[in-house]
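Good morning, and thank you for coming. Please look at the sequence and the structure as I put them up.

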Amino acid sequence: MADKNELLPGTLDLMILRILSRGELHGWGITQRLAELSQSALQVDEGSLYPSLYRMEDKGWIEAEWRIRENNRRAKYYALTRSGRKQLEKEQEIWERMSAIITRVLATA
Amino acid sequence: MNLLRRLRTLLRRRDTEAEMAEEMRYHLEQRAAEYAADGLSPSDARLAAQRRFGNTAALQEQARDTFGWSALERLGKDLAFAARQLVRSPAFSLLAVVTLSLGIGATTSMFSLVNGIVLKPLPYQRVDQLERIYRSNAQNPDGNLSTADFLALRKAQSSYGAVVAYSLGSASLSEPGQPAELASSARATADLFSVLGVTPQLGRAFHPEEDQPGRDRVVLLSPRTWRGRFAAAPDIVGRIVRIDGEPHEIIGVLPESFNDWRYLGAVDFFRPLALTPADAADRQDLRLRVVGRRDEALTPAEAAGFIASFGEHLARAFPEANSGSTWRTVSLQKDAAGTGAFIVLPMLISLSAAVLLIACSNLANFLLARTMARAREFAVRAALGASRLQLLRPLLAEAVLLSLAAGGGAILVAHWFRDWAALRSTGDNGEQVIFTVDWNVMGWAFAASLLTALVFSAGPALFALRLDLNVALKSGGRSTTGTRGHQRFRQFLIVAQFTLAMILLAGAAQFIVGVNDAQNRRAGWESAALATGSMLLPVGQYRGDAKLTAFHRLTLERLAALPGVESVSLSAAAPFLDWTDVRKLLVEGQPVPVPGQELAAMFNAISPQYLATYGTRLVAGRTLDSRDTASSPRVYLVSQSTARAIFGEGDPIGRHIAVAGGDTTRWGEIVGVVADIQSADPEPNPVTLRVYPALTQEPTRTVELAVRAAGVAPAALIDSIRTTMAALDPDLPIARLATADAFIARSFYQMRFLRDMLTAFGVLGLGLASLGVYGVITRTNAQRASEFAIRLALGASPRDITRLVLGAGIRQALLGSLLGLMGAYAVTSALSYAFRGVRANNPLILAATTLILITVALLACWLPSRRASRLDAMAALRAD
């Protein structure tokens with residue numbers, strides 16, 4: 001299992017924020033979108049999404065609202081807040097800088 | 001972190017949990033549905049979805065940490081565990097809660113007293129701007145103003161603010177077909193209520209034009225009078241009542257808040273001041289109580305400066321009336337509480353705190369013993385890596401639970417106290433200290449409980465922290481008496497308890513003895529055979545001195561003719577209470593003193609049988625009798641100390657004295673000397689000289705009636721006195737008609753109230769302290785059982801064991817009592833400062849209280865020591 005594509009710490013939050021920046025979604029929707037975008041390459045317990053969501057909700061980056069979906073089921077929809085958008089910009093910038101550095105180091109060393 | 005959101009999630013915790021579960025379930029169902037669509041059986045699909053999802057419980061736990069619930073949950077667990085511990089030993093818990101409830105309840109009750117008397121603002125607008133204005137001189141630091149001086153101040157008030165005035169007195173109130181009643185009345189400037197900021201609940205306040213003679217037949221009722229006498233009639237406004245025989249129109253009823261014990265609450269009704277031109281020019285009669293509303297722009301000091309300089313100006317302008325007097329201001333709120341309150345209330349709070357401290361140290365001792373019994377458990381937990389905080393938490397939780405329960409109990413105690421106090425502190429006229437168990441008081445109870453928890457859990461907790469692992473584990477679970485330091489701490493607690501108990505007991509005992517002494521003081525008069533009452537002859541029917549004197553004579557004759565009556569007296573004042581008629585004396589043949597330096601004496605006009613009725617002894621000369629009439633030469637009796645103060649060793653009989661001031665000096669001859677008397681008031685009056693004119697020569701409208709019974713109990717005379725007087729004048733009320741002893745007891749209700757509270761503190765403190773020493777010695781003995789057994793086995797006699805146990809307890813009690821004596825000295829010094837009639841540090845009382853305390857301690861130690869000496873040595877040794 002050494003080739004399992006595990007997540008780098010902190011990157012799940014970044015990806016969730018990025019996905020939510022396209023529009024609000026519920027937890028299941030985020031999972032599906034993540035699988036779709038990564039072409040199911042990420043190996044991660046699907047449930048670990050939720051503590052991440054709650055933490056970011058607590059920090060005020062995202063906010064949640066319950067909506068009725070088809071056949072009267074409720075689902076909790078998450079949306080990016082203004083401070084979440086800022087956070088996304090900041091983390092994305094850090095990520096891009098870091099990955100550029102790492103790529104450069106790996107390429108030239 | 002957003003505190004508000006955190007709080008919201010906390011409050012909605014159950015919802016949030018449910019939502020979390022729902023959200024995850026939804027996810028699992030969606031995933032399972034997808035697997036099922038791929039062809040898995042429903043149960044396999046569910047399992048696969050769960051595998052893909054991860055450990056739901058662990059994830060939820062992780063989420064909970066996010067919400068900060070875990071700390072709360074731990075606290076909840078601690079409290080639940082503590083509650084279980086407490087329920088497991090119900091006797092201890094009950095004892096602890098009751099002890100603490102009493103302790104916290106005592107301080108909470110005292111705080112509600114402070115709250116009612118000092119802290120709660122008077123029911124007026126902007127109370128901070130209101131001030132009483134006093135005129136002080138050598139005779140009276142809290143003097144009132146004369147009408148002319150007040151009017152001068154009112155005219156010149158521009159820079160100060162508004163000044164208003166009122167005078168207090170009594171008046172008879174009657175309606176057609178109802179018996180007349182003697183009521184407490186006030187005459188006030190028309191703007192008194194607008195300046196105080198009080199609006200009547202019914203009707204209106206006075207109009208300015210009603211503040212003049214002839215147009216002043218209007219009356220404002222206090223809410224108490226409206227309820228009590230007029231059954232809260234809604235159509236009261238416009239009704240006509242007779243006041244002193246004259247018809248008056250009721251124009252309004254003051255608001256309910258006006259029944260405040262502290263200020264004007266005793267007044268039954270108000271009339272306009274309506275000064276006649278003669279009244280307005282009077283500078284001698286100091287009858288106006290003056291209140292000012294300071295201008296907003298002035299500081300209290302500036303206002304006081306203005307008033308003081310105005311007083312100086314008047315003293316210079318009218319030296320005859322005002323020299324030697326200074327004017328000062330006191331904030332009305334502070335003035336209403338009374339100066340004594342600022343000594344008595346802190347003292348009561350401290351004494352109740354002493355009760356609480358005793359309760360606390362009791363509990364500290366009990367908890368310490370419990371902690372000791374669990375020493376091994378603590379040691380094991382510490383050895384397994386429990387942090388100090390973790391060791392401490394269950395102890396603190398127990399303490400917090402106990403004291404919160406006790407806080408609830410304390411509020412109950414304060415509630416009971418309120419009912420009791422309301423009853424005991426009701427004045428003659430139904431005015432009350434208004435106690436409320438309001439948020440202030442609740443807050444106090446709560447704060448006191450938490451502080452208490454900290455205090456009494458600190459000892460055991462410190463012990464748990466300093467636990468020596470090795471020793472505790474090696475002791476092998478045997479009960480121990482603890483380390484030396486720990487024993488010291490216990491002994492310290494016992495000593496402290498006895499110190500506090502001694503302070504309480506000695507302080508209370510001295511006060512109780514002082515008050516009782518004063519009230520049982522029959523110095524120069526007797527009261528056992530007397531029935532007494534007060535009458536006020538209304539101006540309407542009794543205009544002029546001749547009519548007053550005729551009625552006085554008729555009263556004396558009719559009452560003296562009743563069966564069972566030995567003698568009857570009428571006088572301006574009774575000897576039980578302080579006399580209020582203070583005048584300055586001139587002595588014939590002695591130089592006229594500088595104004596302000598005259599001798600002051602209290603005057604009491606008396607009828608012929610006064611001395612015989614009250615049992616006051618005539619020392620020299622003759623008493624006043626039927627010879628002395630309005631037309632005969634003026635005569636006076638003086639008291640022995642008055643004669644000595646004026647004439648030294650010379651013979652006073654035949655000498656002449658007169659009242660200073662007034663237009664003409666009317667000399668009167670001293671015809672007799674009577675024994676000195678002292679009132680039953682524990683507060684000695686600064687004026688000690690007494691002069692008795694004849695009632696026929698100075699008839700008064702208010703008279704004190706006294707009837708001396710012979711062969712029957714005085715109480716049996718009351719009905720016949722009432723019917724006799726009603727036959728003389730059905731409109732004439734007799735106030736406070738009762739036996740003299742009942743009246744005296746009633747007059748000092750505030751003192752008695754204080755005395756009863758101190759008694760309660762003393763008894764409570766002693767009870768708790770002896771419970772403490774009893775508990776500690778019992779527990780120590782249980783823990784020392786094996787030691788005693790060995791001693792017995794080695795040949796000690798049961799008496800030796802008794803002595804051993806008794807000795808330790810007594811030593812601590814003695815040491816505590818000794819230290820307490822010093823504290824008691826301080827407390828009683830403060831008491832005798834506040835109540836000059838109470839003698840400080842009476843050695844007899846101190847000795848007696850020490851004896852009581854030691855006896856109780858002896859008993860508390862002796863009971864457990866007897867049990868220790870009857871120990872079955874074999875059983876005790878085998879048990880360990």
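I begin with a term: two strands pair if DSSP finds at least two bridges between them. Helices (H or I, at least four residues) and strands (E, at least two) are DSSP runs, numbered from the N terminus.

This is a predicted model, in which local features need pLDDT of at least 70, side-chain atom pairs count only at pLDDT 80 or more, and totals for chains, interfaces and linings use all residues. Residues are numbered from 1 along each chain as its sequence is written, while chains are lettered from A and ligands numbered from 1 in the order in which they are written.

Chain B contains 29 helices and 22 strands. Of its 880 residues, 42% are buried; a residue is buried if 20 or more other C-beta atoms lie within 10 Å of its own, exposed if 12 or fewer, and partly exposed in between, with C-beta atoms placed from the backbone.

Let us turn to one strand, β1(B), residues 130-136. Which strands does β1(B) pair with? One partner is β10(B), residues 286-294, joined in the antiparallel sense over four bridges; there, Ile133(B) has Val290(B) as its bridge partner. Another is β11(B), residues 326-331, also antiparallel, over six bridges, and in it Ser331(B) is the bridge partner of Glu131(B). Six of the seven residues of β1(B) are buried, so the strand is largely enclosed by the rest of the structure.

Next, a pair of helices. Two packed helices are described by the angle between their axes and the distance between the axes. Axes are lines fitted to C-alpha atoms, for helices over the stretch in contact, and angles run from 0 to 180 degrees between N-to-C directions. In chain B, α6(B) (residues 90-119) and α16(B) (residues 388-424) pack at about 50°, with axes 7 Å apart. They are therefore oblique to each other: angles under 35 degrees count as roughly parallel, over 145 as roughly antiparallel, 65 to 115 as roughly perpendicular and the rest as oblique.

Finally, consider Gln783(B), which lies in helix α25(B), residues 749-783. Is Gln783(B) buried or partly exposed? With 17 other C-beta atoms within 10 Å, Gln783(B) is partly exposed. Gln783(B) and Ala373(B) are 410 residues apart in sequence, yet their C-alpha atoms are 9.3 Å apart in space.
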